[in-house]
Amino acid sequence: MALTGGIRTAEEDGETKAKSTMEVDAVAELSKERCRAVLGRIRSPPLCAKLTESCKRTLQRLATSELDFLLSLSSSSSSSLSLNIGQLEAIIYILQQSSVTGVSRVCKSIPLSTETGNGLKEDHCSKRIHVDIVCIFNREPVWFIVSDRNKKHISWDGSHGNKGLRARVEQVLDAARSSLMLKPSSVILFFSKGLDGIVRKKIEDQFGASDLGVEFSQFDFQFSEELEDEWVNVHARSYHGACVLEIKVDDISVNGRSRLKCSAKNSFFKSGRPVLLEEQPEINFSKAFYSVISEMKVCFLDTKEVESARAEDLFGEDLINFDTTALIALVSGISNGGTHKLLAASENELRHRFKSSYDFVFKQVMSELDHPILVELANVISGKMVVICGTVLSEFKELVLMCGGPDEKLRAEQLVKYLMVVPDHPSTRMMGLPTTRKLALKSKVIFSTGDHWHAPTLTANMGFVRAVSQTGMSLSTIEHRPRALTGD
């Protein structure tokens, strides 16, 4: 009997090729299910509510394009597949994290900015850098760069036309530091399949990268496929082995923040039931109003200390920035038990009283009956320190003086005692936006306060929020339903 030794027969080659084709077909079928799972995640309520329409369209287009490509394959197609679905899965995984908010761009390129002769910066659309996610992460604007490549194939210097990781990071950091409106505080590199230790050491040494230090929620990206006899095969992808690194754009030391958690700073803030309301027992505030503001964290810094404070000094505090609409919602008669009184009045009386705002006010009254807003706001405010800027305080006082009734004025007077009033401090990136009818200067100043103090802004001014989102800038906001002063 003849021995073949290490020589493959034609029959064996045919069997191997058939096996390879079957494996490719199996991978293609599995990838189709992964694409459908991604599309399902994009449409799911938790993620759908977090994304702008533009972001949703981009992700759906990419996932659909990948699925269409897979559906067009035949058994005679190439034995190797180049798939992008893993990249999309990793991006969706990041977007689902509760610490990721204010998502303004996904899978988009960002223009590089260069400085002109007069010291101003201008964008050059011809030079662009791809960024996977532009968002707010842990209250700060960041860019996410995502890689789903096998760590064995991630090289530092690159080869065969591949730029390599070093050149890629240099380009991203140049774009981040020169960006006019989208400048992040840091760039986060997410390697979903890990990173070689030698390459990691190089990126740490050359760019000051460090471990993100934040644990991502470890839910798995999973989907299922139906098998014969009603069995279901569940496929899950885990990111336990991912490497997540952060590079500070302005080279601010992470350790510089940890030192701020000192006892001297913490002594300025107290939570629990304040005594300010109890000093005026003759004032009968609604139980809901009392409950909301008594759960706020009160600031005991005096005016000079507040003016000299920096955003970094309060990094450990749970801050929330209020615009004028949020303050009005708290003291409005509609929010504080005045709905039945308003409904008891005749339509003619209410139309005469509110004039062109009648429909606006009536909708708020009906909304309040179904969903009391102070209950909603209590969940948002409880345990947090509320920050407002000087512009908001002036506007709020002026509106209450002109339109507020006696009870609304009393509530406003009491509410202000619980707020930390800070000077207007327009952030560089916010003021880089053009001033237009939708992007009013006053609104930019107000929202800049939240941006400067790394705090989300509670607002009903969604027109401004949408206008900012359309520029591609990430902004941390919390929407509330509007309420008007009723004169009660």
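1. A cavity here is a set of points, on a 1 Å grid over the protein atoms alone, where a 1.4 Å probe fits but cannot get out. Grid points are joined across faces, edges and corners, and a volume is the space filled by probe spheres set on the points. This is a predicted model, in which local features need pLDDT of at least 70 and side-chain atom pairs count only at pLDDT 80 or more, while totals for chains, interfaces and linings use all residues. Residues are numbered from 1 along each chain as its sequence is written, and side-chain values use heavy atoms, with hydrogens and water left out.

2. The largest cavity has a volume of about 70 Å³. It is lined by 13 residues (lining means an atom within 4 Å of a point), and the closest to its centre are Ile 136, Gly 450, Asp 451, Ala 455 and Ser 476. Helix 19 (residues 441-452) gives the largest share of this lining, three residues; helices are DSSP runs of H or I with at least four residues, strands are E runs of at least two, and both are numbered from the N terminus. The lining comprises six nonpolar, four polar and three charged residues, where Ala, Val, Leu, Ile, Met, Phe, Trp, Tyr, Cys and Pro count as nonpolar, Asp, Glu, Lys and Arg as charged, and the others, Gly among them, as polar.

3. The second largest cavity, at about 50 Å³, has a lining of eight nonpolar residues, with no polar and no charged ones. Among them are Leu 342, Phe 354 and Tyr 358. Helix 12 (339-344), helix 13 (347-354) and helix 14 (358-370) each supply at least two lining residues, and the largest share, four, comes from helix 14.

4. Back to helix 19, which packs with helix 16 (residues 390-403) at an angle of about 120°, their axes 8 Å apart. Axes are lines fitted to C-alpha atoms over the stretch in contact, and angles run from 0 to 180 degrees between N-to-C directions. Thr 391, Val 392 and Glu 395 of helix 16 meet Lys 442, Val 445 and Ile 446 of helix 19, contact meaning heavy atoms within 4.5 Å.

5. Finally, a loop residue: Ser 98 sits between helix 4 (85-95) and strand 1 (100-115). Ser 98 counts as exposed because its relative accessibility is 67% (exposed is over 50%, with a 1.4 Å probe and protein chains only). Ser 98 and Ser 217 are 119 residues apart in sequence, yet 8.2 Å apart in space, C-alpha to C-alpha.

Methods:
On a 1 Å grid over the protein atoms alone, a cavity is a set of points where a 1.4 Å probe fits but cannot get out, and a pocket is an open set with protein on both sides within 12 Å along at least five of seven lines; lining residues have an atom within 4 Å of a point. Buried means under 20% relative accessible area, exposed over 50%, partly exposed in between (1.4 Å probe, protein chains only).
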